[in-house]
Amino acid sequence: MANLTSEFLGIRSPNPFWLASAPPTDKAYNVNRAFEAGWGGVVWKTLGEDPHIVNVSGPRYSTIHSNDRRVIGLNNIELITDRPLQTNLDEIRQVKRDWPDRALVVSVMLPMNEASWAKYIPMIEDTGADALELNFGCPHGMSERGMGAAVGQVPEYIQMTTEWCKKAASIPVIVKLTPNVASILPPAKAAKEGGADAVSLINTINSIMRVNYDTLTMYPTTDGMGTHGGYCGEAVKPIALNMVAEIARNADTADLPVSGIGGISDWRDAVDFLALGASNVQICTAAMVYGFKIIDDLTDGLSTFLDDKGMSSVAELVGKAVPSVTDWQYLNLNYVEKAVIDQELCIKCGRCHVVCEDTSHQAITHTVDGERHFEVIDEECVGCNLCVSICPVDGCISMRHLSDGEDPRTGQAISKEKANWTTHPNNPMRKQD
Amino acid sequence: MAQTPAHIRPHRLDKNEIDKNFSELHPPLSRSEALIEADRCYFCYDAPCTTACPTGIDIPGFIQKIRSDNVRGSAQTIFRENIMGGMCARVCPTEVLCEQACVRNDHEEKPVEIGLLQRYATDPIIDDDTQLFERAKPSGKKIAVVGGGPAGLSCAHRLATLGHDVVVFDKDEKLGGLNEYGIAAYKTTNNFAQREVEWILSIGGIDVKNGVTLGADFTLAQLRKQFDAVFLGIGLGSANELGDDLDSVPGIENAIEYIAELRQADDKSELPVARSVVVIGGGMTAIDIAVQSKRLGAERVDIVYRRGPEQMGASPFEQNLAKTNGVAIHNWLQPVGLKRHDAVIEIELMGTELDKEGTLKASGESSVLEADVVFKAIGQRLADEKLGNELKGFELQYGRIVVDETQATSIEGVWAGGDCVSGDDDLTVSAVQHGKLAALSIDRHLRS
């Protein structure tokens, strides 16, 4: 069995799965249950200054469901902890004492003045916590008060606040980034400039879930009024993966350790984050949908996967896929693929035909010799992968690489030379010798 | 029957047990079940299920509307092609129609439950008596529809929506035809057939004359004079006979008559039920009478059919239903003699087989079954004494009326559909399609 032991900023945990700072890590009771279930670490729900904030007593969550009510996305408007600071500090101290082998990181959100950081950071550090995570991400509520995403959206603020925190802290500092930005790179660079030991991402995405079709108000509401919240769950994973990969493949930020967050539901999602550059992962929504027991599949699945790949540790997987991520302009334009339909597996639903016909390149037949028959027309197929993506039968349609001869669509010979947009004759900005 | 033998009596089961036995065969889907099932539909292009539906319902279309909680839109998609979409959802042999064509069969051998989804979409409309259609402006034309079964009502409704006035003539007390008097009770509970009839009639423009029979109370010639067009959806009038004087033996009954009685009974425990029942025939009616006899408390029910399971008119699902209800199906056996000994009927049976040319012949093996009642379920025919003369002038094939692809008969101004026409499968859904096609054809004819 592969060893899942994880080390992140020198903090050891029995596996790379931490519970993200969120409702599941609000108090000792929940955290103890998580550790009993086998979670590697937790990021304690965000602490703020005294007196503590308050939450609404109406709906804090809403979801997007599939028709069998599988939760695809979750929105929340819960703020940071609404318990007294001292209660949290006492519990953190006790939990760390009871679970010395687990990672215990404390999330923190404070006003934009150095005094606040100088006052509260030592109090938190005194609990014995392993690290701090700066919440520059929550897009709702706290951002109206100049905290959370209000900081995370301004690189200068990120840098300044990180510096204040670093000045007051002796334990590692992780900066949690908001995805509600045009590019993740400036915030990540700012965190690094400010002295962050690592970044974690993504926090939730600004969102309104839907309207109530009876009342034609937004949904959900508290006494008839609602507000935008933070969106998370499996629907956000691709957005998070891109941001993680951006940081991992950019020279300025590539050496910044990343804790990956965003829609991780099972071990395969964790593999995505790790291979695209995260050193460990944090999870919240899946636990809020199914409970802490999901850790069994996360650890077991990842361990089996590493065994199958002949890897003995998580570290070997980290960043494996990063070299395969590039800019569009560097994709090989001489590389040609065609879809091919396995007639043995085809159930003749016709979806590939109609989507290609209606929305793509008219490259799949409907009738051949009077029979219902779906076949790729190589002369039209641009290799777009739409049919592969929408075919209901796994493995029925696949892509085939044309390695020689000519492309029946263009009539041009297949070239083994690589050529990309940077040198393409149609590119007015092409590089010229 | 002169006197009822002791082994034929009511109250074989108490009322509660009978009510349980005649509760719904397939309970309806809940909303969450329907949403999950609807999600299984692949929304096929040029969908094979739609092609397989005799009425051509846009099945992926109505299922997608279920998926988005647009249940009324879904019902409209169904009713637009098949005004008896509610009954068809209950009685269609979907396993040989839409569900057989479902591509999921190739994928995982479990089709989308189209019938149940159709019911999910259509039930609320009938339950709440929601009107989904509007009548076109009056055409001033009047059409006679003879027979208020699926074909006649489908035709009448479509004609009414197209702006014509319709008079439906029906021989029975209630409209609905076999939906009301024929289909097995556990397939259409809660008086659904009558509620559906009322909903169909609520479009307006349809007058109903009950208890009048073509041939006895009025003639086709009169209708042709009084109306702009005539549609005949008169079903089949009389049960086929076994022949060789077998039909006159006391204790030999017509399955359809008993089923009609059963369907109209307020308290089914009051129906006389035999201890042992033999059913002759291999169609839906044979299964219906056999299963219902069993559910009424008959101890032993045997079906005797002279050919194999594949040739039976009853679908494999129906055959299986009979078997799981404890009915024994005996294939390749033909009754050759019926004798009554006191209270018991002895059925002499001859084994059958196919010769090299595929013709049925006696195998030479004989056996005997005993029964208190023998039900004939060997089909029906159009001609009966009352109708006799009325069929004159029609081109007939195998004793049924010949129609063209628009359901027009050989007589000018007369269309026909349902079981009384030749060449189709005697299914409710086909009758509905006939009625619809005839109405469209009549409309074109009257406006040309």
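The legends below describe close-up views of a predicted model.

**View 1. Packing of helices H10 and H17 in chain B.** Two packed helices are described by the angle between their axes and the distance between the axes. For H10(B), residues 150–161, and H17(B), residues 428–447, the axes come within 7 Å and cross at roughly 35°. The crossing of H10(B) and H17(B) is right-handed. On the H10(B) side, the contact is made by B:Pro150, B:Ala151, B:Ser154, B:Cys155, B:Arg158 and B:Leu159. H17(B) contributes B:Thr428, B:Ala431, B:Val432, B:Gly435, B:Lys436, B:Ala438, B:Ala439, B:Leu440 and B:Ile442. By class, the contact residues of H10(B) and H17(B) are 10 nonpolar, 3 polar and 2 charged.

**View 2. An open antiparallel sheet of 3 strands in chain B.** The strand order is E12-E13-E14. Strands E12 (333–341) and E14 (360–371) of chain B stand at the edges with a single partner strand each, so one side of each is left without a neighbour in the sheet. From one strand to the next, the twist averages 20°. Strands of a sheet pair through backbone hydrogen bonds, either parallel or antiparallel.

**View 3. Pairing and hairpin of E12(B) and E13(B).** E12(B) pairs with strand E13 (residues 344–354) of chain B over 8 bridges, in the antiparallel sense. Within this pairing, B:Leu333 stands opposite B:Gly351 in E13(B), and B:Gly337 stands opposite B:Glu348 in E13(B). The hairpin has 2 residues between E12(B) and E13(B). In its turn, B:Asp342 has a positive phi of about 55°.

**View 4. Pairing and hairpin of E13(B) and E14(B).** The antiparallel pairing of E13(B) and E14(B) runs over 9 bridges. B:Thr352 has B:Ala362 in E14(B) as its bridge partner. This hairpin has 5 residues between the strands, and B:Gly358 in the hairpin takes a positive phi near 85°.

**View 5. The second largest pocket and its lining.** The second largest pocket holds about 690 Å³ of space. Its lining is made up of 24 residues. Nearest the pocket centre lie A:Asn332, A:Leu333, A:Asn334, A:Tyr335 and A:Val336. The lining of the second largest pocket divides into 11 nonpolar, 9 polar and 4 charged residues.

Note on methods: Residues numbered from 1 in each chain as written. Chains lettered and ligands numbered in written order. Predicted model: local features only at pLDDT ≥ 70, side-chain atom pairs only at ≥ 80, totals over all residues. Heavy atoms only, no water. Axes fitted to C-alpha atoms, helices over the stretch in contact; angles between N-to-C directions. Helix = DSSP H or I, 4+ residues; strand = E, 2+ residues; numbered from the N terminus. Left-handed = near helix turned anticlockwise from the far one by under 90°. Contact = heavy atoms within 4.5 Å. Nonpolar A, V, L, I, M, F, W, Y, C, P; charged D, E, K, R; others polar. 1 Å grid on protein atoms, 1.4 Å probe; cavity = no way out; pocket = protein on both sides within 12 Å on 5 of 7 lines; lining within 4 Å. Points joined across faces, edges and corners; volume = space filled by probe spheres on them. Pairing = 2+ DSSP bridges.
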